[in-house]
Amino acid sequence: MHLTNTADTTVHAHQHTQTQPEVGVKSSKGTKPLRNPCNLCQSVRAILKRPKTGQQLCKECFYHVFETEIHNTIVDNKLFKKGDRVAIGASGGKDSTVLAYVMKLLNDRYNYGLDLVLLSIDEGITGYRDDSLETVKRNRDQYQIPLLIISYKDLYGWSMDDIVKEIGRKNNCTFCGVFRRQALDRGAIMLNVDHIVTGHNADDIAETVLMNILRGDLPRLQRCTSIITNDTSDDASGIETSKILRSKPFKYTYEKEIVMYAYFKKLDYFSTECIYSPNAYRGYARVFLKELEAIRRTAIVDIIHSGEALSASVQANESTKLPTMTNCTRCGYISSNELCKACLLLEGLNKGLPQLGIGHTTKIRRIHEAAANVAEGLSLSSTSLLSPTTALSGNGAESATVVTAVASSSTSSTLEERGKTVTHIKDLARLETMPSLQTTS
Ligand SMILES: [Zn+2]
Ligand SMILES: [Zn+2]
């Protein structure tokens, strides 16, 4: 946290007494000039340095600028209409706790006329989500906003603890991300809401922009920079969408300021990171972003603006080819494929082929077909084909090795042909383990 340090205070107080000596004298009733006054109100001593602008502010002025910027983001982007029923995706972490607090405050202060509800997803992660959900329950009582909790276990039959036991820690974020997105939509339908707001902040978005630029993933770049999304912005990247609007009121809000706000307001939040999953690729983007921010505080917002500009130019160049959206033949969720991503992942889990849904759809289909062909050759079901202990290590290369071994023992004719199958599956495995395919943001 960037609280005012001694060096800054000295410099500032010095400048202040030079330019406006009489203010300090008056406000201090004839004694000493006010040391380090707030840059905005000038009447109270500054107690913090604002990370986004470097301004030195008193607590009240910080609250005011922080809340007003979010209000302006909401109004400028026309996020809501009067009477909208809005679910706040609440995890108990700092971002969503501050979001719930600020949404309620702005709704009252500016008369948005929104009907707010809290929506939490219980992924089933012992020692993490169970504790953070207790925080959300306290927030429900503190802010007087109704709360719905829905669990992966109920929706999919698998908790994240179960999934990690099966697949290990490598790709579990893919499962979690796909399941969470769909779970939020299902919760929103149960709550009959028009709109879901999430606590993604400027740092999260800038990281995602960097990751998508590094991967050259333009569809995802477009998606991550839009403040509001719905089904019409679907992008053939294999991400299912729904008709419920989603938005990020913290798109331009710095993470450090959210932490500062929660700290000074003494908000009740849960501050442990998820015990599974540190996403390595995002971790690199995060470290890089923090280094840039240390050199230039506007770096975060600059990167978001770059992402927006790139997206706009891509959009201008592309003839808008949207995939036809249908409904998943299994669960009815909106999808651009016959099976939605969650059902595909579940099929993999339930059949003991957890790599099935990881990666892009065409590649998945090829892996699926390759596995099915091998299974047919052996006249075995795919479930009994691969023993869970070897196939479910969560590592694409390892499960491919298993398939390969089966392939070479199958009835397939020549050595040469077997060699081809092996190479093919190896290539798929290599594609699968590329870091770009392991995230869902
Ligand atoms: Zn002030
Ligand atoms: Zn489905």
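# Helix packing in a predicted model

Trainee: At roughly what angle do the axes of helix 4 (residues 94–109) and helix 11 (residues 255–264) cross?

Mentor: The axes of these two helices come within 10 Å. Helices here are DSSP runs of H or I with at least four residues and strands are runs of E with at least two, both numbered from the N terminus. Axes are lines fitted to C-alpha atoms, for helices over the stretch in contact, and angles run from 0 to 180 degrees between N-to-C directions. For helix 4 and helix 11, the crossing angle is roughly 65°.

Trainee: Which pLDDT do side-chain atom pairs need in order to count?

Mentor: Residues are numbered from 1 along each chain as its sequence is written, while chains are lettered from A and ligands numbered from 1 in the order in which they are written. This is a predicted model, where totals for chains, interfaces and linings use all residues, local features need pLDDT of at least 70, and side-chain atom pairs count only at pLDDT 80 or more.

Trainee: Back to our pair: is the crossing of helix 4 and helix 11 left-handed or right-handed?

Mentor: Good thing to check! A crossing is left-handed if the near helix is turned anticlockwise from the far one by less than a right angle, and right-handed if clockwise. For helix 4 and helix 11, it is left-handed.

Trainee: Which residues of helix 11 make the contact?

Mentor: A contact needs C-beta atoms, placed from the backbone, within 7 Å. By class, this one has 5 nonpolar, 1 polar and 2 charged residues. Helix 4 brings K94, D95, T97 and V98. From helix 11 come I258, V259, Y261 and A262.

Trainee: Which exposed residues sit on the face of helix 5 turned away from its buried side?

Mentor: The buried residues have a cover that includes helix 4, strand 4 (115–122) and strand 5. Facing away from that buried side are D130 and D141.

Trainee: What is phi of Q144, near enough?

Mentor: Q144 sits in the loop between helix 5 and strand 5 (147–151). It is exposed, with 9 other C-beta atoms within 10 Å. Most residues other than glycine have a negative phi. Q144 is not a glycine, yet its phi is positive, near 55°.

Trainee: How far apart in space are G92 and E134, C-alpha to C-alpha?

Mentor: G92 lies in the loop between strand 3 (85–89) and helix 4, and counts as buried because it has 24 C-beta neighbours inside 10 Å. Its contacts beyond four places in sequence include S132, L133, T135 and V136, which are among the buried residues of helix 5. G92 and E134 are 42 residues apart in sequence, and in space 7.9 Å.

How values were computed:
Buried ≥ 20, exposed ≤ 12 C-beta atoms within 10 Å, placed from the backbone. Contact = placed C-beta atoms within 7 Å. Nonpolar A, V, L, I, M, F, W, Y, C, P; charged D, E, K, R; others polar.
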